[in-house]
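Look at the structure below and follow the chain from one end to the other.

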Amino acid sequence: MNADNQKRERELETTRSERQKKADELRDVTRVSRNLENSEDEIFTFERKKMNVLEELSGVYQGNYSRNVIGFVEEAGIDDSKILKRRFETVKDELVEKQGQLKRELLKIEDKEELLKMELLGN
């Protein structure tokens, strides 16, 4: 095996290692994304239950004071839900961007790996 082939073999091994690292990183980001979606579902289920409890409370308690307190709590709950939803959307967008970036990097590495394999076969 000549020096060029040895160099290509080392490059190929390095490229394979890079590919594996990027693939692992992509799997990790995908797992985090799925966990985020599950957490989001659970949290918004809880939010719906909370709003149902508030609706029941408003039916039980009557009078101006109780309506004001319950109205305040409902508004605060809605505001909190909006903030939480925006945060989830921001994190999801960041994860989607990271996934796209990792996929592009992975494709470049795979292309480089294929090129090195072809060069090795050509020699």
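A search of the whole structure, which is a predicted model, finds 15 salt bridges. Side chains of opposite charge can pair when their charged atoms come close. One of these salt bridges is formed by the side chains of Glu25 and Lys98, with 3.5 Å from N to O. Glu25 belongs to helix H1 and Lys98 to helix H2, so this pair ties together parts that are 73 residues apart in sequence. Glu25 is partly exposed, at a relative accessible area of 29%, and Lys98 is also partly exposed, at 29%.

Lys92 pairs with Glu89, and their closest N and O atoms are 3.3 Å apart. Both residues lie in helix H2 and are three residues apart, about one turn of the helix. Lys92 is partly exposed because its relative accessible area is 23%, a value that is neither under 20% (buried) nor over 50% (exposed). Glu89 is partly exposed too, with 31%.

Salt bridges can also share partners, and in this way Glu13, Arg16, Arg19, Glu113, Glu114 and Lys117 are joined into one network. A further pair is Glu97 and Arg104, whose side chains meet in a salt bridge of 3.6 Å, N to O. Arg104 has a relative accessibility of 47%, so Arg104 counts as partly exposed.

Now consider the chain as a whole. How many helices and strands does the protein chain have? There are two helices and zero strands. Helix H1 covers residues 3–60, and helix H2 covers residues 64–122. The C-alpha atoms fill a box of roughly 90 × 15 × 15 Å along the principal axes. The radius of gyration is 27 Å, whereas a compact globule of 123 residues would have a value near 14 Å.

The contacts in the chain can be sorted by how far apart the partners are in sequence. Among contacts with a separation of 6 or more, 85% are between residues 24 or more positions apart. Asp4 sits in helix H1 and is partly exposed, with a relative accessible area of 48%. Val96 and Phe72 give another kind of example, being 24 residues apart in sequence and 36 Å apart in space, C-alpha to C-alpha.

Next comes the interior. Of the 123 residues, 22% count as buried. In soluble globular proteins, nonpolar side chains tend to be buried together. Which residues make up the largest nonpolar core here? This core has nine residues: Ala23, Leu26, Val29, Leu36, Phe44, Phe88, Leu95, Leu102 and Leu106. The elements that each supply two or more of these residues are H1 and H2. H1 gives the most, with five residues.

Is Ser81 buried or exposed? Ser81 is buried, because its relative accessible area is 16% and buried means under 20%. Ser81 is located in helix H2. Apart from neighbours within four places in sequence, Ser81 is in contact with Phe44 and Glu47.

The last topic is the surface. The accessible surface of the protein chain comes to about 9,300 Å², and carbon and sulfur atoms account for 52% of this area. Some nonpolar residues are found at the surface: Val69, Phe72 and Val73 form a nonpolar patch there, with about 270 Å² of accessible area together. Val69 lies in helix H2 and is partly exposed, with a relative accessible area of 37%. Val96 is in helix H2 as well. The relative accessibility of Val96 is 53%, so this residue counts as exposed, the cut-off for that class being over 50%.

Terms used:
Residues are numbered from 1 along each chain as its sequence is written. This is a predicted model: local features need pLDDT of at least 70, side-chain atom pairs count only at pLDDT 80 or more; totals for chains, interfaces and linings use all residues. Side-chain values use heavy atoms; hydrogens and water are left out. Patches are made of residues with over 30% relative accessible area and no salt bridge: like charges are joined within 9 Å, nonpolar side chains (Val, Leu, Ile, Met, Phe, Trp, Tyr) within 5 Å. Accessible areas come from the Shrake-Rupley method with a 1.4 Å probe; for residues, only the protein chains shown count as cover. A salt bridge is a side-chain nitrogen of Lys or Arg within 4 Å of a carboxyl oxygen of Asp or Glu. Helices (H or I, at least four residues) and strands (E, at least two) are DSSP runs, numbered from the N terminus. Buried means under 20% relative accessible area, exposed over 50%, partly exposed in between (1.4 Å probe, protein chains only). The radius of gyration is taken over C-alpha atoms; the globule rule is 2.2 Å times the number of residues to the power 0.38. Contact means heavy atoms within 4.5 Å. A nonpolar core is a set of buried Ala, Val, Leu, Ile, Met, Phe, Trp, Tyr and Cys residues joined through side-chain atoms within 4.5 Å.
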